[in-house]
Amino acid sequence: MNTANTNPVTLALAKGRISEEFFAKYSSKVKAVNIESRKLIYQIDHIKVILVKPVDVPTYVAAGVADLGIVGRDVILESGKSFYELNELDFSKCRMSIAGFDENINLKGSITIATKYPNICHMFFPNARTIYLNGSVELAPIMELSDVIFDIVETGATLKENGLVVIKDVIDINPVLIANKASYKFNRVTINEISALFNPEEIEVLPCTK
Ligand SMILES: Nc1ncnc2c1ncn2[C@@H]1O[C@H](COP(=O)(O)OP(=O)(O)OP(=O)(O)O)[C@@H](O)[C@H]1O
Ligand SMILES: O=P(O)(O)OC[C@H]1O[C@H](OP(=O)(O)OP(=O)(O)O)[C@H](O)[C@@H]1O
């Protein structure tokens with residue numbers, strides 16, 4: 001990743017779907033990354049890329065251990081942590097929606113919502129009771145644990161295969177390039193150059209030797 005300024009920068013990249021789609025999107029420019037590898041640190045010129053569980057990216061960036069992060073807006077909102085948001089990135093797009101069986105349910109009423117995202121859910125549906133689940137959220141209304149779910153929808157296949165329908169689309173989700181506020185203040189030129197690189201895509205990934 002060539003920029004005029006070469007101050008060292010650490011980028012926490014959400015491991016899994018986002019890192020895979022990030023490397024796929026930049027595949028013509030990216031080399032020496034084996035997606036199957038267990039390696040967690042790569043060096044892209046002066047940028048150290050660390051592969052981090054999505055939910056942990058805000059923790060690394062808020063602590064300033066990573067200057068930059070790339071993670072879904074869902075995770076950013078749920079974390080409640082404060083960063084600068086530099087770029088919305090154009091891959092791994094999805095949306096967060098309310099889904100269930102009854103399209104006429106009153107979403108402003110005292111309903112029960114199962115979700116992996118209780119904080120975001122409370123922002124949009126303050127009257128609802130939320131039940132936290134860590135995955136397979138679609139099961140909750142089927143098993144009568146909740147009235148509806150608040151979850152990520154991409155293709156809609158999971159909802160369809162489980163007989164659920166979208167009742168309300170709530171928010172569009174993209175990966176976002178975020179910056180630690182102090183890092184941005186002291187390293188603004190380098191970080192702005194990196195931010196600009198994410199559109200024209202000039203990235204070369206090399207294994208980290210340290
Ligand atoms: N169909 C989808 N399902 C889930 N997340 C999606 C989808 N499409 C895009 N995303 C984005 O990808 C991110 C989740 O990636 P991934 O599924 O690899 O992680 P995860 O399974 O939530 O995390 P972990 O491995 O820590 O449980 C979300 O935060 C969201 O921004
Ligand atoms: O609209 P679709 O394309 O079907 O994608 C949406 C599904 O993908 C995610 O689940 P994930 O695969 O992350 O598994 P999880 O249920 O264990 O969170 C999400 O929670 C939905 O279940």
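Contacts between residues 24 or more positions apart make up 71% of the contacts in the chain with a separation of 6 or more. Two residues are in contact if their C-beta atoms, placed from the backbone, lie within 7 Å. The model is predicted: local features need pLDDT of at least 70, side-chain atom pairs count only at pLDDT 80 or more, and totals for chains, interfaces and linings use all residues. Residues are numbered from 1 along each chain as its sequence is written, while chains are lettered from A and ligands numbered from 1 in the order in which they are written.

The chain holds eight helices and 12 strands. These are DSSP runs numbered from the N terminus (helices: H or I, at least four residues; strands: E, at least two). Of the 210 residues, 34% are buried. Buried residues have 20 or more other C-beta atoms within 10 Å of their own, exposed ones 12 or fewer, and partly exposed ones a number in between, with C-beta atoms placed from the backbone.

UniProt, in an unreviewed entry, places the feature "domain: ATP phosphoribosyltransferase catalytic" at residues 53–195. UniProt positions follow the numbering used here, feature names are shortened, and annotations may be inferred rather than shown by experiment. Residues 53–195 are 31% helix and 31% strand. Their end C-alpha atoms lie 22 Å apart.

Ligand 1 has 14 residues around it. Gly 16, Arg 17, Gly 72, Cys 94 and Glu 154 come nearest. Helix H1 (17–25) and helix H3 (73–79) each give two or more residues to this shell. A residue is near a molecule if its C-beta atom, placed from the backbone, lies within 6 Å of it. The shell around ligand 1 has seven nonpolar, three polar and four charged residues. Ala, Val, Leu, Ile, Met, Phe, Trp, Tyr, Cys and Pro count as nonpolar, Asp, Glu, Lys and Arg as charged, and the others, Gly among them, as polar. Ligand 1 lies between domain 1 (9–92 + 174–207) and domain 2 (94–172), because both give residues to its shell. The domain bounds come from an automatic or database domain assignment.

The residues surrounding ligand 2 include Gly 135, Glu 138, Asp 151 and Thr 158. Strand S9 (148–153) and helix H6 (157–161) each supply at least two residues of the shell. S9 gives the largest share, three residues.

Ser 110 sits in the loop between strand S6 (94–100) and strand S7 (112–115). Ser 110 counts as exposed because it has 9 C-beta neighbours inside 10 Å.
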